[in-house]
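Here is a short briefing to keep beside you while you look through the model.

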Amino acid sequence: MEIRYVKRMTMRLDLTVARIDEAELPSEFFWTSWKPRDYSYHAQILHESFRNDIDGAIFPTYGQYEACSHLIEASASHYVSQGTWLIGTTREATQSERASLRIGRPVCYVAGIQSVDLKERRAEIQNVSVHPLYRRRGLGRALVLRALFGLQRRGFRSVSLEATALNHSAVRLYTSLGFLPETIRYKEIFFDVSSNRG
């Protein structure tokens with residue numbers, strides 16, 4: 001077993017001075033606000049988004065749908081509805097997309113965000129999840145903007161999140177929206193190197 005270390009950053013945005021624009025989506029997408037009955041959709045997007053990414057290696061929970069489901073369900077009572085959203089698509093999915101998204105329902109959700117209330121008018125964005133088939137369409141930016149807009153209107157004074165430094169596109173996104181690095185820590189990842197020996 002080999003151990004590697006990955007840099008994780010806590011980033012913070014001061015909502016008392018930030019100017020947040022309301023997010024817009026391309027015409028084929030739509031918003032769904034947080035409802036406890038939709039937790040399984042949030043869990044599915046979380047699982048599909050991260051299970052094969054670096055964050056999936058850092059947090060093994062993302063590798064199993066059931067574990068993601070338990071995580072979302074356990075956190076649900078702390079979610080801020082104005083900062084917790086799904087993005088769905090009205091476009092008919094292709095056969096390969098349907099298989100990847102495990103669509104067995106009339107609505108296809110492709111992205112999601114969850115925000116929690118930390119009390120004292122502080123919030124935390126826990127996850128920003130965009131299915132790999134739907135990346136590079138501005139959905140991640142739209143999710144964060146929508147959440148920030150809602151949290152600001154709700155009266156939160158600051159919002160924080162964690163980002164993996166190797167996820168350069170996410171770090172660029174958060175920085176462009178005004179988030180500043182606050183703390184840095186290193187997370188262990190364990191690799192089984194025995195399978196690579198010939």
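This is a predicted model: local features need pLDDT of at least 70, side-chain atom pairs count only at pLDDT 80 or more; totals for chains, interfaces and linings use all residues.

**Loops with a positive phi**

Arg 136 sits in the loop between S5 and H5.

- Arg 136 is not a glycine, yet its phi is positive, at about 65°.
- With a relative accessible area of 86%, Arg 136 is exposed, because anything over 50% counts as exposed.
- Arg 137 is found in that loop between S5 and H5 as well, and it is partly exposed, with a relative accessible area of 35%.
- Arg 137 and Pro 26 are 111 residues apart along the chain, while 8.5 Å separates their C-alpha atoms.
- Arg 121 is another residue other than glycine with a positive phi, near 60°.
- The loop that holds Arg 121 runs between strand S4 (108-119) and S5; at a relative accessible area of 46%, Arg 121 is partly exposed.

**The fold as a whole**

- The protein has 6 helices and 7 strands.
- Along the sequence, these elements come in the order β-β-α-α-α-β-α-β-β-α-β-α-β.
- Of its 198 residues, 47% count as buried.
- Take the contacts between residues at least 6 apart in sequence: 77% of these join residues at least 24 apart.
- The accessible surface comes to about 10,800 Å², and carbon and sulfur atoms account for 48% of that.

**Aromatic residues**

- The structure holds 8 aromatic pairs.
- One of them joins Trp 31 and Trp 85: the ring centres are 5.9 Å apart and the planes lie at 70°, so this pair is edge-to-face.
- Trp 31 belongs to strand S2 (residues 29-33) and Trp 85 to strand S3 (residues 85-89), so the pair ties together parts that are 54 residues apart in sequence.
- Trp 31 and Trp 85 are both buried.
- Tyr 174 and Phe 179 also form an edge-to-face pair, because their ring centres are 5.9 Å apart and their planes are at 65°.
- Tyr 174 is buried, with a relative accessible area of 8%, and Phe 179 is buried too, with a relative accessible area of 1%.
- Phe 30, Tyr 41 and Tyr 109 are linked into a cluster by ring pairs.

- Leu 143 has its place in helix H5, and its relative accessibility is 0%, so it counts as buried.
- What does Leu 143 touch, leaving out residues up to four places away in sequence? Its contacts are Trp 31, Trp 85, Ile 87, Ala 111, Gly 112, Ile 113, Val 128, Ser 129 and Val 130.
- Among these contacts is Ser 129, which is 14 residues from Leu 143 in sequence, with 8.8 Å from C-alpha to C-alpha.
- Ser 69 lies in helix H3 (residues 65-75) and is buried as well, at 9% relative accessibility.
- Beyond its neighbours within four places in sequence, Ser 69 is in contact with Tyr 39 and Ala 43.

**The largest pocket**

- The largest pocket holds about 1,000 Å³ of space.
- Of the 36 residues that line it, Phe 50, Val 128, Asn 167, Ala 170 and Tyr 174 are the closest to its centre.
- Which elements each supply at least two residues of the lining of the largest pocket? They are helix H2 (54-58), H3, strand S5 (122-130), helix H5 (139-154), strand S6 (158-164) and helix H6 (168-176).
- S5 gives the largest share of that lining, with 7 residues.

Key. Residues are numbered from 1 along each chain as its sequence is written. Side-chain values use heavy atoms; hydrogens and water are left out. Helices (H or I, at least four residues) and strands (E, at least two) are DSSP runs, numbered from the N terminus. Buried means under 20% relative accessible area, exposed over 50%, partly exposed in between (1.4 Å probe, protein chains only). Contact means heavy atoms within 4.5 Å. Accessible areas come from the Shrake-Rupley method with a 1.4 Å probe; for residues, only the protein chains shown count as cover. Rings of Phe, Tyr and Trp (its six-membered ring) pair if their centres lie within 6.5 Å; planes under 30 degrees apart count as stacked, over 60 as edge-to-face and the rest as tilted. On a 1 Å grid over the protein atoms alone, a cavity is a set of points where a 1.4 Å probe fits but cannot get out, and a pocket is an open set with protein on both sides within 12 Å along at least five of seven lines; lining residues have an atom within 4 Å of a point. Grid points are joined across faces, edges and corners, and a volume is the space filled by probe spheres set on the points.
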